[in-house]
Amino acid sequence: MKTKISSDLLKLIKNNNSFLIVGHINPEGDSIGSSLALALGLKKTGKKEVVVVSSDPVPENLKFLPSSGKVKQKIPLRKFDVAILVDCNHIDRTGYTSLNSSHTAVIDHHVLPDNSGRSDFYKSLSAAIIDPDAAAAGLLVYKVLKALHIPVDKKMASNLYTALLVDTGGFRYSNASPESLRVASHLVEAGAEPWKISKELYENSPFSAMKLQGLSLATLERKDGMAWITVTDRMFKKTGTNSEDCEEFVDLPRRIKGIKVAIFFRQDGNRSYKVSFRSKGKANVQKIAMSFGGGGHVAAAGCKVKGSLKEVQTKVFRVVKKEINSYR
Ligand SMILES: [Mn+2]
């Protein structure tokens, strides 16, 4: 498959001088890595001002990324020529209410919401590359850099390799396409060090986070092709951890043989839960998440559901079961 790199976006980048690069709330490796790589690339071409912002701070485990210390949380007051949303396609996902730029563009691989045609935000975009078939936003940023003839240096390569690694689950998910592996190989040639990056990402867990994992695993249950675990506020308190320490927990029930959909419930305030889904087969978890007002990808998605844990689980299991059964 070949992503069409919009010439509008390339022109927008060529013809302007100040850029605000914006990732999504609750950022992970793809959001931060892609944003930083794009910023480093644009700076290399001599752009006057390139600022990366993230409404939530860079997670502890991504602070090894080159230039991650430059990510700001507050948008500078002055007006930018172009704001580029990376790894998300709507301002609501950025955690900011306005971006103060003359133009807005998007580089993303998430499916557009159904109402996108009627949304003022989408109508206001000057350019967009949105390819849900791309394994990571980092893959699209790589292509944009190539199209602009910007050589990928070691810093950019490390950021982009991390983006690809995270969004393909270490090249294990169904989106680990030939293209993603080819690009990864180019990135390694450009200086990204796979073993170092893997060590930072996967062998660097705080002790307290591992304790949290133990408490959460004790909640493991399965039924009707689903397996799930839960993290409550009490567990966070007991271990001195927070939501950052359970980013990957949904992958734990996913490891179980015969499971079709893995689910992770994370308490997010009083009577509110963040629910993450991973599909191991045909079940479309994006559809499930969207039915609760969330979103994501076919095989990885999430949403927020209000209610007690029991109420939330009852609601969620009903929808997941229906989706699983539709493929039997
Ligand atoms: Mn992504």
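Predicted model: local features only at pLDDT ≥ 70, side-chain atom pairs only at ≥ 80, totals over all residues.

Trainee: Okay, over how many bridges do strand 1 and strand 2 pair, and in which sense?

Mentor: The general idea is that strands of a sheet pair through backbone hydrogen bonds, either parallel or antiparallel. Here, strand 1 (residues 18-22) pairs with strand 2 over five bridges, in the parallel sense. To see one of these on screen, find I21: its bridge partner in strand 2 is V52.

Trainee: And the sheet as a whole: what is the strand order?

Mentor: Read it across as 2-1-3-4-5: five strands in an open sheet, with parallel pairing. Ignoring direction, neighbouring strands are turned by 20 degrees against each other on average.

Trainee: Which strands does helix 1 touch?

Mentor: Helix 1 (residues 7-14) packs on the sheet against strand 3 (80-86), strand 4 (101-108) and strand 5, and its direction makes about 130 degrees with that of strand 5. Now look at helix 4 (residues 137-147), which lies across strand 3, strand 4 and strand 5 and runs at about 120 degrees to strand 4.

Trainee: On to helix against helix. At what angle do the axes of helix 5 and helix 6 cross?

Mentor: Two packed helices are described by the angle between their axes and the distance between the axes. For helix 5 (residues 154-167) and helix 6 (residues 178-189), the axes come within 9 Å and cross at roughly 150 degrees. Angles over 145 count as roughly antiparallel, so that is how helix 5 and helix 6 stand to each other. Their crossing is left-handed.

Trainee: Which residues of helix 5 and helix 6 meet there?

Mentor: From helix 5 you have A157, L160, Y161 and L164, and they meet S180, V183, A184, L187 and V188 of helix 6. By class, the contact has eight nonpolar residues, one polar and no charged.

Trainee: Last topic, domains. What are the bounds, and how many residues are in contact?

Mentor: The domain assignment gives domain 1 (7-202) and domain 2 (208-325). Their centres, taken over C-alpha atoms, are 27 Å apart. Eight residues of domain 1 are in contact with seven of domain 2. On the domain 1 side, four are nonpolar, two polar and two charged.

Terms used:
Residues numbered from 1 in each chain as written. Axes fitted to C-alpha atoms, helices over the stretch in contact; angles between N-to-C directions. Helix = DSSP H or I, 4+ residues; strand = E, 2+ residues; numbered from the N terminus. Parallel < 35°, antiparallel > 145°, perpendicular 65-115°, else oblique. Left-handed = near helix turned anticlockwise from the far one by under 90°. Contact = placed C-beta atoms within 7 Å. Nonpolar A, V, L, I, M, F, W, Y, C, P; charged D, E, K, R; others polar. Domains from an automatic or database assignment. Pairing = 2+ DSSP bridges.
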